[in-house]
Amino acid sequence: MNFEFSPEERAFQAEVERFLADHLPRDIAEKVHRGESIGKADTERWQAILNDKGWLALTWPTAFGGTGWDPVQQYLYDEAAWRAGAPRTIPFGLNMLGPVLIAFGTPEQQGHYLPRILNGDDWWCQGYSEPGAGSDLASLRTRADRDGDHYVINGQKTWTTLGQHANKIFCLVRTSSEGKPQEGISFVLVDLDTPGIEMRPIKLIEGGHEVNEVFFTDVRVPVANLVGEENKGWTIAKFLLGHERTGIAGVGLSRQTLVKLKEVAASSRRNGRALIDDPLFAARIAEVEIDLAAMMITNLRMLSQAQGSPGPEASMLKIKGTVIHQTLNDLARRALGPAAAPFPAEALAGNHALVDDTQARNAARYFNNRKLSIFGGSNEIQRNILTKMTQGARR
Amino acid sequence: MNFEATEERRMISDALDRLLAEHCDVAKRDDTAFNAPYSNAATWQALSEMGAFAALATEEAGGLGGHGFDITTVFERLGRALCCEPVLPQLLAIQLLSSAGSDRAEAAVTGNARYAVAIDEPDTWFELEPLQARATSHGDGEATLNGRKSVVYGAPAATDLLVAAQLDGRTALFAVDASAVELHGYALIDGGGAAEVYLRDTPATLLIADAETALHAALDAGALALCAEAVGIMDVLRDTTLEYLGTRKQFGVPIGAFQALQHRFVDLSIEIEQSRSITQLAADRLAKADGSRTVSMAKNLIGRTGQLVAEEAIQMHGGIAMTWEYSVSHYAKRLTMLDHQLGDRDQHLYRVMAGLRD
Ligand SMILES: Cc1cc2nc3c(=O)[nH]c(=O)nc-3n(C[C@H](O)[C@H](O)[C@H](O)COP(=O)(O)OP(=O)(O)OC[C@H]3O[C@@H](n4cnc5c(N)ncnc54)[C@H](O)[C@@H]3O)c2cc1C
């Protein structure tokens, strides 16, 4: 075994760092470091810079305009990007739909949609969940009835992340009510400008707007927008849910969050000394640092062992990664003491005597990130998947 | 032993529940909780008329109660209703003014004077020393104050402030007219209001020259009140979660049919009973010899279980509890942020640790 990165990997890392130093806009990096949310314009600006370099679609093969990087390279990039203050790229087109189209799409669909994702022509959102179908996605009821060369869609999707910025949505819809619930589901691409679609905002726990509900009333979608075979969408759904492997552990983001946590603990005072010198609090930081060090190796180990389509290791990484990230958020909130309470955090922005701008949103971030263990298949559902796997292995 | 509440306290409980049901509709809570002055005059008036503040004060101070169990009775109900009125600072003020033997106590007990208590500073939380705010005495109890007080709960709605500041190397307590200070008010993430308070040669009246003992006693009462508020919130979150486990269906069954959730719900219920017990113990001991240490035990346990209950309630609900519209999110926020008031779990753990050899 050798836990040092190879000379080639280190050279790659240096190249990434150089690129980020030269090309990541300062104003965007500063916003990221301050913990502000990054709007649509800045996200698109940064994605365009990455696309020029050919570094936007980390997981795609080069034939489709991706990087073709191996998992270790993806990891090295991810970590360097967070360190530099790069904003996250929007996963729906890049990490979800892109791989689906590469695996299941027709050459026409690939030729049309993949470049549009890279160029920023389309902003995709994900229409899986419904009010009655969360963990049990197969019970979804949004219907797509065939009418000539169109589907007519009726129903409701919910929790649509960043749908307010999107012009397209990929949906799981019911095309047949026969057989097992999983069997009558199809995967279709829908233009959000189609008549009959209405999107309404949902306000989240910390007061922000990042999710929406989407209502479909007699929405006509060309049959050409079906991906894969009719009634075989469940295979695609599962492929997609398991796919986002490199990012899922969130090691790069968590390492950056740990740096921020140490900063706030060094600048907050309790009992006449810096919080980072307070044994109780220091112990908690140290423990999560230990968990994260182990997680980094677990992540790399699993990524380098996993071949082809992602397996249950994604579930392990999701559970551990979300818990570590939530713990970091928790400590960062607590490190502020009473100064964590003001809402919105902007109430105190610029008021450095109380709380640094970069930390002012710690409590909001803590509450918002309770979502990490709920979405993308809750941690309970991940445990169910792992249980099936381990019991399968025993038999 | 007797674990029954007295007839009087049961009556206060019931009356408060009725009043809060009428005045503190959770669905309409936003109007008060996130808009200055973060208090509703009619609710405050109603609380004062039904004797909620009087229950927090002893007879000498012009009240009708003042025992630990009176405090927990009132605050548990406020917690259940998720009431964001600044009753906590009023409790602290009533305690402090009666320690001072001040004739201001009466107006605090009737609720006619509305108090905020300013102790924490940007660099000094949960502690009385070393405070940076300083007093200059002008004789006759008159003084001027300079300094900055941070996250002063209830200040945007207050008519009067009680301010802790250094006088001749000691922590002293002063009364200040709220209109005489510069206030920078804001809503809190869990609703209700607070302010940054700037003291610049602010005229003040000395109430207690050596105020540490009185402040510690008042802060103990306040910490106990927060524990009781937490227990009230936990009960609501437990009931709401149980109800949801029974009605939300996934995979063709109520999610409460999954053992993974059943056992966690049971663990949660155990922790809530533990929280209730330690709070009752602290209520009984308040103002007795080991009162401070017991209150700290309670505040530490509440800090830990409060976060657990809030997080588990959200997790077991799934996405719906992440929304502003569904009340669980607001209960969870309040329960979590309680730990940021009057000493968090670590601060109180240090106090319990300090007494390990006694
Ligand atoms: C902020 C946010 C953003 C989201 N973004 C999107 C998006 O862009 N697109 C999209 O399609 N969806 C999105 N989702 C939806 C998300 O995927 C669902 O919330 C999630 O799948 C859980 O479903 P639910 O909320 O209906 O909870 P439920 O399925 O009702 O679950 C409630 C609780 O029961 C547990 N549970 C359920 N079944 C079992 C079981 N068999 N065993 C043990 N425990 C179980 C769950 O783990 C959870 O704790 C988002 C959600 C949130 C909160």
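Start by selecting chain B and chain A together and looking for polar contacts between them: 23 residue pairs turn up, both residues at pLDDT 80 or more. A polar contact here is a pair of N or O atoms within 3.5 Å; within protein, one must be able to donate a hydrogen and the other to accept it, and residues adjacent in sequence count only if both atoms are side-chain atoms. This is a predicted model, where local features need pLDDT of at least 70 and side-chain atom pairs count only at pLDDT 80 or more, while totals for chains, interfaces and linings use all residues. Residues are numbered from 1 along each chain as written, chains are lettered from A in the order written, and side-chain values use heavy atoms without hydrogens or water.

Next, color the whole interface. On chain B, 49 residues are in contact with 54 residues of chain A (contact: heavy atoms within 4.5 Å).

Now zoom in on D346(B) and R284(A), whose side chains form a salt bridge at 2.7 Å, N to O. The rule (a side-chain nitrogen of Lys or Arg within 4 Å of a carboxyl oxygen of Asp or Glu) finds five salt bridges across this interface.

Last stop: W123(A), in the loop between α6 (107-119) and β1 (124-127) of chain A; helices (H or I, at least four residues) and strands (E, at least two) are DSSP runs, numbered from the N terminus. W123(A) is buried, at 8% relative accessible area (buried: under 20%, 1.4 Å probe, protein chains only). Beyond neighbours within four places in sequence, its contacts include K40(A), I90(A) and H165(A).

Note on methods:
Buried < 20%, exposed > 50% of the residue type's maximum accessible area, 1.4 Å probe, protein only.
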